[in-house]
Amino acid sequence: MAIESTSRPLIRAWAPALLWLAVIALESTTVASSANTSRILRPLILFLDPHITAAQFRFVHDLLRKLGHCFGYAMLSLLMLRAWWATLMLPRGAIRVPPWSAMVKAWSLRAAGAAFLATVAVAGLDEWHQTFLSGRTGSAHDVALDSMAAACVQLLLIAFSSVKSKHAAAGN
């Protein structure tokens, strides 16, 4: 049975978010444990700074891992916004998802709230999942960090949306 043309925009809107969820699920395993990322990052950091101390390396390693959290969950929040925006805001029978600029112009509190809550839920489930794995630990601090990254993305989009609206109104 062929997928109806009216459902294709939703599939296209949700596919990147679902793919990113798969990336987060993979990173939630022991593949992305501190020991494994250390094995990858240590040679790179030693190449960049051969005189780095063990304490400095631990600091840089931890910082890069936390920045990875921020990036990963900020991206999830953004992709979830697009998916929820298409789900909640697209008119029935739409044949494509509008470009990002249209979504930003027509920013939606409902879509942003759903994106934020979905991102926080994933962060919580991710950390809970890690409590069951050897070499991983679940952390409420990481959930808070991930939630802050998601909130920052949504706030930046709100600010960008209002700036675009003001410029559009001034041009009319």
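Colleague: What pLDDT does the chain average?
Modeller: The chain averages a pLDDT (the predictor's confidence in each residue, from 0 to 100) of 86, and 90% of the residues score at least 70. This is a predicted model, where local features need pLDDT of at least 70 and side-chain atom pairs count only at 80 or more, while totals for chains, interfaces and linings use all residues. Residues are numbered from 1 along each chain as its sequence is written, and side-chain values use heavy atoms, leaving out hydrogens and water.

Colleague: And where is confidence lowest in the chain?
Modeller: Confidence is lowest in helix α4, residues 100-105, with a mean of 75, whereas α5 has the highest, at 95. Helices here are DSSP runs of H or I with at least four residues, numbered from the N terminus.

Colleague: Switching topic, at what angle do α1 and α3 pack?
Modeller: Their angle is about 155°, and the axes of α1 and α3 lie 8 Å apart; axes are lines fitted to C-alpha atoms over the stretch in contact, and angles run from 0 to 180 degrees between N-to-C directions. Angles over 145 degrees count as roughly antiparallel, so α1 and α3 are roughly antiparallel to each other.

Colleague: What about α3 and α5, at what angle do they pack?
Modeller: α3 and α5 pack at about 135°, with axes 8 Å apart. That makes α3 oblique to α5, oblique being the class left over once under 35 degrees (roughly parallel), over 145 and 65 to 115 (roughly perpendicular) are taken out.

Colleague: Now the largest pocket: how many residues line it?
Modeller: The largest pocket is lined by 24 residues, and A32, T37, R65, H69 and R136 lie nearest its centre. On a 1 Å grid over the protein atoms alone, a pocket is an open set of points where a 1.4 Å probe fits, with protein on both sides within 12 Å along at least five of seven lines, and lining residues have an atom within 4 Å of a point.

Colleague: Which helix gives the largest share of that lining?
Modeller: That is α3, which contributes 9 residues to the lining of the largest pocket.

Notes
Helices (H or I, at least four residues) and strands (E, at least two) are DSSP runs, numbered from the N terminus.
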